[in-house]
Amino acid sequence: VLGLPVRSEPRYPDPVALARLSGERIRAGAPGERLTPLYLRRPDAVASIARKPVLP
């Protein structure tokens, strides 16, 4: 997709090539893409079902 060489293992583009590509885009004033977090697992926190009393 980016036109960068992909190594056989691991199957990711070379980080130096990505840095060069991003540097060229920044210098050219290209618009940035919106960053979206990638959550790899469910959160540890859970929503409380019952209300907690505020006074003991």
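1. A word on exposure comes before anything else: buried means under 20% relative accessible area, exposed over 50%, and partly exposed in between (1.4 Å probe, protein chains only). At 60% relative accessibility, Arg41 therefore counts as exposed.

2. Please keep in mind that this is a predicted model, in which local features need pLDDT of at least 70, side-chain atom pairs count only at pLDDT 80 or more, and totals for chains, interfaces and linings use all residues. Residues are numbered from 1 along each chain as its sequence is written, and side-chain values use heavy atoms, with hydrogens and water left out.

3. What does Arg41 pair with? Its side chain meets that of Asp44 in a salt bridge (2.9 Å, N to O), the term being a side-chain nitrogen of Lys or Arg within 4 Å of a carboxyl oxygen of Asp or Glu. Side chains of opposite charge can pair when their charged atoms come close. Asp44 is exposed too, at 62% relative accessibility. The structure holds one salt bridge.

4. On secondary structure, the protein chain has one helix and zero strands; these are DSSP runs, with helices being H or I of at least four residues and strands E of at least two, numbered from the N terminus. Helix α1 covers residues 15-28, and its 14 residues should span 20 Å at 1.5 Å a residue, where the expected span is 1.5 Å times one less than the number of residues. The end C-alpha atoms of α1 are 20 Å apart, which agrees.

5. Now the flanks of the helix. Gly29 follows α1 and has a positive phi, near 75°. Pro13 lies in the segment before α1 and is partly exposed, with a relative accessible area of 26%. The C-alpha atoms of Pro13 and Gly3, ten residues apart along the chain, are separated by 9.5 Å.

6. The largest pocket is lined by Leu2, Leu21, Arg25, Ile26, Ala30, Pro31, Gly32 and Glu33. A pocket here is an open set of points on a 1 Å grid over the protein atoms alone, where a 1.4 Å probe fits, with protein on both sides within 12 Å along at least five of seven lines; lining residues have an atom within 4 Å of a point.

7. For the chain as a whole, buried residues make up 4% of the 56 residues.
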